[in-house]
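Please open the structure in your viewer and keep the selection tool at hand. The tour goes from stop to stop, saying at each one what to select and what is there.

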Amino acid sequence: METERADSERARRSRRWTWAVVGWAALVALACAPLRHLSPDEAYYLCASRARWPIDDHPPMLGLLLALGDALPGPIELRVRIVSIALAAATALGLSRLSTLGTTTAASASSAALVGATLGALGLLPMAGALIATPDAPMLAALVWLLVVASDDGAPAPGVRPLLAGLLACVATLSKVSALALTLPLALDLIRRPGTRAIAQTIALGTLAALPFARRSLVVQAEHALGRGPAVSAPMIGALAALGALLLGQLLLYGPGVVPFAARRGATGEPVPRGAWIGAGLLAAAAVASALVSGRPPEPNWLAPAGLLVLARAARVLGGSSPATRRWVIGSALAPTVAALALWVTPRSIFPVGRDPLSRVSPRATSPMTAAVPADAPRYARGALACVYLQSCVEIRMMFGR
């Protein structure tokens, strides 16, 4: 009885701390969001949402969400980014839940939940995903909860699980086509198991229902991976340099101490279905192939769906580690975030011209509206930023065929 009472109290304390960490991260993002102008991509997505999302780059889910945020009061930067901030919080809570699956004791489950929430809310990639609105935000929120539904036999109720899984797969695919790398292998794996065939079928149906809206994006993103087409913006630096940039970027985004722990399986094996890990491996192989074939560094968030599995496994293993180890690993993951936030709130760049990593989001406090529209930006960026900040929308409307 005493043990059960202690475990119950530990679980309640863990939930309180989890919500506190996720809430604190959201408050930090809300405070920082209005400090810098929209990035060219954010402005482009906003203009597309106002024009009923006529772009081929991505499916329409982000456009629908931005249209809702655009109706709110407040600075335009906050109205755009509040969507990604809310979705980032949902992703962190899902990652916290995913991290507890397969833990052996109440103590390790509580620790894993808190570590998962911390890495999922305050890591560099999650915080960047909260502050810069992209299609990754709704995709990751849908995918992490899809993994929870597919991996946890106890929640939600059996009759609800298939319907929820299908809806989440549909939302993920309607957000970004890289979700296919997880949804399809996951469905193929689950359909072989008698107890999860209904979930597999609804995941497949949800994915197929979204494909008509993602078909053109799939072509554009495939061209992008090969270094061709209008979506390419990364410089040509050579195959080996591009591969090195990909690997170094992943270490910085997740924390150099996190990745080694993710390589361990933990005491009870892997609770996430093998199909999800196969999909993550295919996504990683595609990113490596893109770097080698195109000679351009792949965008860091291309591997974000696989990152959900990496962070959950690392948190699960760290849940059973010593407090000192957890502090060291979490510190290594949060240090880049602290540095990036310090740069974000600094009103003037401390870097030489052309070297500022935040040059695409100029500070509002010291930059006039015209500074948000750099002369050397691509045509889509100039048109979108001019429409948002200067109310000159002729160019972007011509691009949208309006």
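In which crossing, left-handed or right-handed, does α7 pass α14? Before selecting anything, note that this is a predicted model, in which local features need pLDDT of at least 70 and side-chain atom pairs count only at pLDDT 80 or more, while totals for chains, interfaces and linings use all residues. Residues are numbered from 1 along each chain as its sequence is written, and side-chain values use heavy atoms, with hydrogens and water left out.

**First stop: α7 and α14**

Select helix α7 (residues 136-151) together with α14 (304-319); helices here are DSSP runs of H or I with at least four residues, strands are runs of E with at least two, and both are numbered from the N terminus. The answer to the opening question is that α7 passes α14 in a right-handed crossing, where right-handed means that the near helix is turned clockwise from the far one by less than a right angle, and left-handed means that it is turned anticlockwise. The axes of these two helices come within 10 Å and cross at roughly 40°, an axis being a line fitted to C-alpha atoms, for helices over the stretch in contact, with angles running from 0 to 180 degrees between N-to-C directions. α7 and α14 are therefore oblique to each other, since angles under 35 degrees count as roughly parallel, over 145 as roughly antiparallel, 65 to 115 as roughly perpendicular and the rest as oblique.

Now show the side chains of Asp136, Met139, Leu140, Leu143, Val144 and Leu147 on α7, and of Ala304, Pro305, Leu308 and Leu309 on α14, which make the contact (heavy atoms within 4.5 Å). By class, this contact of α7 with α14 has nine nonpolar, no polar and one charged residues; Ala, Val, Leu, Ile, Met, Phe, Trp, Tyr, Cys and Pro count as nonpolar, Asp, Glu, Lys and Arg as charged, and the others, Gly among them, as polar.

**Second stop: Val144**

Stay on helix α7 and pick out Val144, which counts as buried at 0% relative accessibility. Buried means under 20% relative accessible area, exposed means over 50%, and partly exposed lies in between, with a 1.4 Å probe and protein chains only. Leaving aside neighbours within four places in sequence, Val144 is in contact with Thr91, Gly94, Leu95, Leu98 and Leu308.

Among the residues that make the contact are Pro138, Ala142 and Trp145 of α7 and Leu164, Leu168 and Ser175 of α8. The residues of this contact of α7 with α8 divide into 14 nonpolar, one polar and one charged.

Select helix α9 (residues 180-190), where nine of the 11 residues are buried, so the helix is largely enclosed by the rest of the structure. Its buried residues include Leu180, Thr183, Pro185 and Asp189. What covers the buried residues of α9 includes α7, α8, α10 (197-225), α13 (274-294) and α14.

Select Cys387 and Cys393, which are joined by a disulfide with an S to S distance of 2.0 Å; a disulfide is taken as a pair of cysteine sulfur atoms within 2.5 Å. A search of the whole structure finds one disulfide. The torsion about the S-S bond of Cys387 and Cys393 is about 80°, so the disulfide is right-handed, and both cysteines are buried.

Next select Gln391, in the loop between α16 (379-390) and α17 (394-399). Gln391 is exposed, with a relative accessible area of 60%, and its phi is near 55°, a positive value in a residue other than glycine.

**Last stop: Trp53**

Finish at Trp53, in the loop between α2 (40-50) and α3 (61-70). Phi of Trp53 is near 45°, again a positive value in a residue other than glycine, and Trp53 is buried, with a relative accessible area of 10%.
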